[in-house]
Amino acid sequence: MQRDSQIFDYIKQENKRQLDGIELIASENFVSEQVMEAMGSILTNKYAEGLPGKRYYGGCEVVDEIESLAISRLNELFGANWSNVQPHSGAQANMAVFSAFLKPGDKILGFDLSHGGHLSHGSPVNVSGKWFDANFYGVEKETGKIDFNKVANQIIDLKPKLVIAGASAYSRDWDYSTMRKACDQVGAMLLADISHPSGLIAKGLLNDPMKDCHIVTTTTHKTLRGPRGGVIMMGEDFENPFGFKTLKGATKMMSQVLDGAVFPGTQGGPLEHVIAAKAVAFGEALSDDYLKYAKQVKRNASVMADEMVKRGYQIISGGTDNHSMLIDLRSKDLTGKVAEAVLGQAHITTNKNMVPFDDKSPFVTSGIRFGTNAITTRGIDENGIVEIVNLVDEALMAAGNDSKLASIGEKVKTMMSGKPLFAH
């Protein structure tokens with residue numbers, strides 16, 4: 001068979017792009033060689049609809065062991081009592097939860113997309129906003145932070161069926177306990193989508209949602225540093241939730257409903273090669289080395305936020321507790337669209353992002369989002385972060401000056417030269 005030189009040339013180009021540049025997209029990371037090895041393995045050949053020990057196809061003895069190991073490692077990592085590792089993405093994991101416990105038209109309450117929320121939390125362009133009566137909470141204009149007491153009052157007044165705690169661009173920690181108490185008053189389910197900070201949560205560096213939230217979902221990339229995919233987890237055995245008639249054993253009943261919501265409810269066969277890569281990543285995340293990495297991610301983000309503020313940039317919420325930050329560029333007379341393009345010319349990859357109370361469209365935006373998870377994987381420490389912020393500021397101030405941006409791009413290449421994608 002002739003080798004597909006066109007595709008593999010593109011892959012080489014992408015490898016060079018990643019090696020030469022500075023990656024600051026908060027939802028991206030670099031995986032280890034063994035994660036990629038598992039992802040590209042012979043397991044891609046195997047169909048395995050169903051669950052370990054309960055498949056609709058023969059020949060699943062080996063993949064049953066792999067998926068069971070992924071579940072076991074994930075439960076240990078997050079202190080979960082049950083999990084499903086089959087969702088193809090975080091949005092698929094959320095959709096499975098919705099389809100398991102909601103009916104079309106039910107009220108849900110999520111974090112406003114324009115304030116840093118996620119599409120799958122009720123956005124009108126997403127199925128979550130089309131099928132359900134989506135309502136939103138946001139940040140306070142003065143502080144850029146969520147007032148969780150206000151959110152609790154909103155839960156009590158609205159009486160939604162489901163409340164979602166989680167974001168794609170919020171740099172502060174979450175008060176799951178206050179949200180849970182309000183949910184209990186009105187019989188609402190509390191779902192934590194921890195897709196962004198999950199790696200930091202797993203190592204005890206942020207508040208743990210498992211003890212307060214009925215269900216927890218996450219992606220397996222971002223800070224968790226695994227392959228692209230999603231999972232669903234549950235913690236304690238909750239008493240009498242959501243009309244279940246038995247006081248005990250509720251978690252088992254909920255898990256059965258959720259398993260069915262993943263398959264056959266919202267997906268077909270699981271991607272066992274991806275699940276194997278998830279298992280590898282979970283094993284890595286259980287190590288002491290990963291704890292060192294997670295701590296460095298958080299330190300790097302704190303330094304980056306401080307350095308950006310020193311240079312006159314406004315961080316929404318004033319700083320960061322996790323790996324990310326959302327920057328309002330209006331004080332610099334820049335749009336997110338322009339900033340993303342300018343930094344791209346300098347081989348610094350970011351993404352434009354709306355800021356709370358934005359006066360520009362989602363295609364233009366007033367903000368840009370940074371994250372330190374990927375750059376930390378490459379071995380960058382606090383000193384390197386200061387150098388990166390200098391390059392970012394230099395590039396943004398050179399908007400429109402192509403020769404200057406090309407020169408900065410060469411500085412970026414020199415800085416990243418010799419640094420492997422997976423160093424930490």
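Which residues does W174 touch, not counting residues up to four places away in sequence? In this predicted model, W174 is in contact with F111, Y137, I146, F148, A165, G166, A167, M179 and N207. W174 also belongs to the largest nonpolar core, a set of 48 residues in which F78, I146, W174 and M179 are the members that touch the most others. The greatest contribution to this core comes from helix 6, spanning residues 148-158, which supplies five residues. Another core, of 34 residues, lies apart from the largest one and includes Y313, M325, I327 and I375. In soluble globular proteins, nonpolar side chains tend to be buried together.

Strand 12 (residues 324-328) runs antiparallel to strand 11, and two bridges join them. Both strands are part of an open sheet of four strands, arranged in the order 11-12-15-14 with antiparallel pairing. Because strand 11 (314-315) and strand 14 (351-353) each have a single partner strand, they stand at the edges of the sheet, and one side of each is left without a neighbour there. Helix 12, formed by residues 336-345, packs on the sheet through contacts with strand 14 and strand 15 (367-371), and its direction makes an angle of about 45 degrees with that of strand 15.

Elsewhere, P264 is located in helix 9, which covers residues 250-266. P264 counts as exposed because its relative accessibility is 61%, the cut-off being over 50%. Although P264 and E49 are separated by 215 residues in sequence, their C-alpha atoms are 8.5 Å apart in space.

Conventions. Residues are numbered from 1 along each chain as its sequence is written. This is a predicted model: local features need pLDDT of at least 70, side-chain atom pairs count only at pLDDT 80 or more; totals for chains, interfaces and linings use all residues. Side-chain values use heavy atoms; hydrogens and water are left out. Buried means under 20% relative accessible area, exposed over 50%, partly exposed in between (1.4 Å probe, protein chains only). Two strands pair if DSSP finds at least two bridges between them. Contact means heavy atoms within 4.5 Å. Axes are lines fitted to C-alpha atoms, for helices over the stretch in contact, and angles run from 0 to 180 degrees between N-to-C directions. A nonpolar core is a set of buried Ala, Val, Leu, Ile, Met, Phe, Trp, Tyr and Cys residues joined through side-chain atoms within 4.5 Å.
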